[in-house]
Amino acid sequence: MINLKCAICNQTEVIKINEPMRVRFECKNGHKWFENYIDNGGTHKRPKSYEVKLEDVLFPSEKVIYEKMLKELEANKEFYATADPLEKTKSLIKKCNINEREMYSIMKKITSYNK
Ligand SMILES: [Zn+2]
């Protein structure tokens, strides 16, 4: 994986989305920019598919958290199958050592991805 960096704020928390026309980038501070594919004079190779995967829309730090969450869910399957949503959220926040904002930002992405 290439290390991406925002040209405006130097933020390295950047996501890259392959769109059919061009490549879209977004940094965690909300800056967006576009770059071209090779056939449009840019440097990016076209992907085999433009399907956007969940991991494509998670910032690098969110990917780390998401993996922790998956591990925790897997390790305590029974609890998460029966607990109410608030308990689940609280437990995930505590066990994964993350804050509520991070948690909800990721949950929002997962929800919109699953639609
Ligand atoms: Zn930025």
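This report describes the overall dimensions, the secondary structure and a few individual residues of one chain.

The structure is a predicted model, in which local features need pLDDT of at least 70 and side-chain atom pairs count only at pLDDT 80 or more, while totals for chains, interfaces and linings use all residues. Residues are numbered from 1 along each chain as its sequence is written.

**Overall form**

The chain has a radius of gyration of 17 Å, whereas a compact globule of 115 residues would have one near 13 Å; the radius is taken over C-alpha atoms, and the globule rule is 2.2 Å times the number of residues to the power 0.38. Along the principal axes, the C-alpha atoms fill a box of roughly 55 × 30 × 20 Å. Of the 115 residues, 9% count as buried, where a residue is buried if 20 or more other C-beta atoms lie within 10 Å of its own, exposed if 12 or fewer, and partly exposed in between, with C-beta atoms placed from the backbone. Among contacts with a separation of 6 or more, 34% link residues 24 or more positions apart, a contact being a pair whose C-beta atoms, placed from the backbone, lie within 7 Å.

The domain assignment, which is automatic or comes from a database, divides the chain as follows.

| Domain | Residues |
|---|---|
| domain 1 | 14-52 |
| domain 2 | 60-114 |

The C-alpha centres of domain 1 and domain 2 lie 28 Å apart.

**Secondary structure**

The chain holds five helices and three strands, arranged from the N terminus as β-β-β-α-α-α-α-α; helices (H or I, at least four residues) and strands (E, at least two) are DSSP runs, numbered from the N terminus. The three strands form an open sheet in the order β1-β2-β3 with antiparallel pairing, and two strands pair if DSSP finds at least two bridges between them. Because β1 (14-18) and β3 (32-35) each have a single partner strand, they stand at the edges, and one side of each is left without a neighbour in the sheet. Neighbouring strands of this sheet are turned by 25° against each other on average, direction ignored, with axes given by lines fitted to C-alpha atoms, for helices over the stretch in contact, and angles running from 0 to 180 degrees between N-to-C directions.

Five bridges join β1 to the antiparallel strand β2 (residues 23-27), and N18 stands opposite V23 in β2.

**A residue in helix α4**

K90 lies in helix α4 (residues 85-95) and is partly exposed, because 14 other C-beta atoms lie within 10 Å. The C-alpha atoms of K90 and C27 are separated by 28 Å, the two residues being 63 residues apart along the chain.

Terms used. Contact = placed C-beta atoms within 7 Å.
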